[in-house]
Amino acid sequence: MSPVIELERLSKSYVVPVREAGVRAGLISIVKRKTRQVDAVKDVSLRIDPGEIVGFLGPNGAGKTTTLKMLSGLLHPTAGEARVLGHQPWRRENELLRQITLVMGQRNQLIWDIPVIDSFDRNRVIYRLSRAEYQTRVEELTELLDLSQLLTKPVRNLSLGERMKCEVAAALLHHPRILFLDEPTLGLDVSMQRRLRSFVAQYNRQTGAAVLLTSHYMADVEALCPRVVVIHHGEILFDGKLGELVKKFSALKTIVLELEDGSGDLSRFGEVVSVDGSRVTLRIPKQETAEITGRLLRELKVHDLTVADPPIDEVIDQVFTGRLA
Amino acid sequence: MRSWLSAYPAFLRISLLASIQYRASGAIWMIGSILEPLVYLTVWSTVARSQGGTVGGYSTAEFAAYYTALLLVNHMTFTWIMHEFQYRIQYGSFSFALLRPIHPIHADIAENLAFKAVQLAVILPAFVVLCLGFRPHFELSAWSLALFVPVLFCGFLLRFFLEWTLAMAAFWTTRVTAMNQIYFSLQMFLSGRVAPIALLPLWISDVARHLPFYYAIGFPVEIALGRLTPDQAWRGALLQLGWLALMGTTIALVWRRAARRFTAVGS
């Protein structure tokens with residue numbers, strides 16, 4: 001199967017002005033302008049196959065959005081090569097633009113002052129959909145995203161969650177083969193996040209579209225992305241299955257104990273994360289799991305004991321903050 | 001039919017809907033458009049009367065014709081695109097335009113035409129009131145009226161292309177307000193908005209008659225007045241078409257570089 005997205009040592013750097021605070025520095029900068037180069041993305045290589053959903057993880061400024069923008073044709077790379085559906089994306093050929101979409105959680109493409117359905121109609125003509133195709137897709141999306149009450153409302157009267165649903169629907173009217181989703185659930189409440197997630201999963205199943213998703217919400221990634229790519233300081237740290245990420249990066253295990261006679265001080269076994277009555281959660285070094293578990297069972301009256309990997313967002317946080325054992 | 005052309009009916013309909021939403025604020029904008037020719041008309045009529053009835057070949061009734069026609073022509077050709085581009089680039093809203101498989105100028109043209117169509121509800125009554133109040137004298141002829149319509153449309157496109165091209169400076173320097181101001185000052189003076197070109201010193205009016213500002217505004221006004229001979233009118237129309245072709249080419253070239261610039265620096 002040939003990949004739909006292919007990146008080969010893709011890099012993007014910006015030259016940004018540097019100036020210290022104060023009037024003096026301001027005046028000096030008029031005659032002597034200091035700049036520095038920021039490498040937003042460094043030598044990123046990646047292949048994404050048709051139908052894959054890939055989570056792009058990284059802290060703010062890691063290079064996620066820059067990569068998405070290069071792949072959707074909004075940014076020109078400094079070096080390297082990329083192919084999206086066989087096209088060089090920054091050439092922005094109409095044939096490619098008709099097959100991709102970019103949803104940005106913080107920006108909207110719907111026209112603010114008029115009903116949602118009119119913005120949809122604009123996309124109908126832009127993407128040259130026949131009326132029958134358009135009608136079918138609007139009906140499908142209305143049902144999947146529960147839009148029936150929203151279509152005739154002006155966009156400015158919608159809540160953030162309602163607007164985001166409409167944004168996503170507008171972005172998918174032309175049935176793109178590739179979805180670039182940049183923080184699509186940003187600022188949404190939990191149920192709306194869940195709804196959007198299940199919609200993206202369904203769209204992917206039905207159409208076989210590839211999805212590249214960035215999100216700060218681990219729940220999005222856990223629910224949608226069998227494969228994750230972790231990017232930090234513009235470089236790929238990990239590319240693989242979500243479970244492998246935890247195995248690779250987590251130096252810790254979590255032990256949850258149910259004790260018979262209260263908790264007492266268990267800090268001699270490991271870091272006590274929480275105590276809730278007779279239920280205690282400990283965090284211990286991974287390589288000492290067998291030994292500590294044995295000691296716990298020998299020295300305490302244990303009703304129940306479970307060993308688990310730490311939550312994925314804790315692992316990611318460790319990766320990004322450099323707190324890896 | 002070309003795909004971009006087939007997008008216009010929907011673009012116009014959607015832009016009309018959006019324009020109607022803000023009809024009150026649009027009407028207030030229009031008051032400014034009405035006041036401008038009214039002020040100049042009052043000034044030049046007063047000057048003409050004090051000079052014994054005419055200035056530079058224009059009587060008070062001809063000044064009235066000039067500025068009432070200018071009211072219509074200016075309305076039909078004005079754009080606000082130079083103000084809008086700074087915002088688009090600064091806040092990154094241009095990204096969506098670049099993601100669409102259609103040149104962004106088409107949506108802008110449709111939006112401009114729709115706004116003007118809605119605001120004709122203010123401009124046309126103002127035109128009638130000015131005509132009743134100032135008794136303009138038009139030298140109308142069938143050929144000049146017939147020529148007026150295409151010349152006005154070309155004037156609109158010329159001004160639109162010129163200002164869209166200049167607006168693209170925002171891709172290189174985000175703060176374009178100062179540059180815009182220089183353009184507006186030059187345009188006011190050299191297009192015939194402050195005074196008919198014929199009233200300017202000879203060498204300036206000669207220069208102005210070769211610049212695009214005049215062919216976007218002053219020239220359609222003079223066609224409407226019926227002051228030009230058929231020979232002057234046809235020659236002017238050809239020059240207008242020449243400028244239009246030049247601006248059409250320029251816009252295509254600058255756009256290519258501007259889009260590349262945008263994708264180089266991001267937003």
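Modeller: Two strands count as paired when DSSP finds at least two bridges between them. Strands (E, at least two residues) and helices (H or I, at least four residues) are DSSP runs, numbered from the N terminus.

Colleague: And what kind of model is this?

Modeller: It is a predicted model, in which local features need pLDDT of at least 70 and side-chain atom pairs count only at pLDDT 80 or more, while totals for chains, interfaces and linings use all residues. Residues are numbered from 1 along each chain as written, chains are lettered from A and ligands numbered from 1 in written order, and side-chain values use heavy atoms, without hydrogens or water.

Colleague: Start with chain A. What is the strand order in the six-strand sheet?

Modeller: The order is E5-E6-E7-E3-E8-E9 in chain A, an open sheet with mixed pairing. Strand E5 (100-104) and strand E9 (235-241) of chain A are at the edges with a single partner strand each, so one side of each has no neighbour in the sheet. On average, neighbouring strands there are turned by 15 degrees against each other, direction ignored; axes are lines fitted to C-alpha atoms, for helices over the stretch in contact, and angles run from 0 to 180 degrees between N-to-C directions.

Colleague: How many bridges join E8(A) to E9(A)?

Modeller: Six, and strand E8 (residues 227-232) runs antiparallel to E9(A). As one example, Arg227(A) has Lys241(A) in E9(A) as its bridge partner.

Colleague: Which helix lies across E3, E8 and E9 of chain A?

Modeller: Helix H9 (residues 242-249) of chain A, at about 120 degrees to E9(A). Strand E3 in that group covers 53-57.

Colleague: What about the sheet of four strands?

Modeller: This open sheet in chain A has the order E11-E12-E10-E13, and its pairing is antiparallel. Its edges are strand E11 (271-276) and strand E13 (302-308) of chain A; each has a single partner strand, so one side of each is left without a neighbour in the sheet. From one strand to the next, the twist averages 20 degrees.

Colleague: Which residue stands opposite Leu259(A)?

Modeller: Val302(A), in E13(A). Strand E10 (residues 252-259) of chain A pairs with E13(A) over six bridges, in the antiparallel sense. Helix H10 (residues 289-299) of chain A lies across E10, strand E12 (279-285) and E13 of chain A, at about 170 degrees to E13(A).

Colleague: Changing topic: how many residues does each chain put into the contact?

Modeller: Chain B gives 28 residues and chain A gives 29 residues, where contact means heavy atoms within 4.5 Å. The buried area is about 2600 Å², with 60% of it from carbon and sulfur atoms; this is the accessible area (1.4 Å probe) that the two parts lose on being put together, summed over both.

Colleague: How many salt bridges are there between the chains?

Modeller: Two, between chain B and chain A, counting a side-chain nitrogen of Lys or Arg within 4 Å of a carboxyl oxygen of Asp or Glu. One of them joins the side chains of Asp121(A) and Arg13(B), at 2.8 Å from N to O. On the side of chain B that touches chain A, helix H1 (3-21), helix H5 (94-99) and helix H12 (230-265) each supply at least two residues. The largest share, nine residues, is from H1(B).

Colleague: Last one. Where is His83(B)?

Modeller: In helix H4 (residues 81-90) of chain B. His83(B) touches Asn180(B) and Phe184(B), leaving aside residues up to four places away in sequence. His83(B) and Ala167(B) are 84 residues apart in sequence, with 7.8 Å between their C-alpha atoms.
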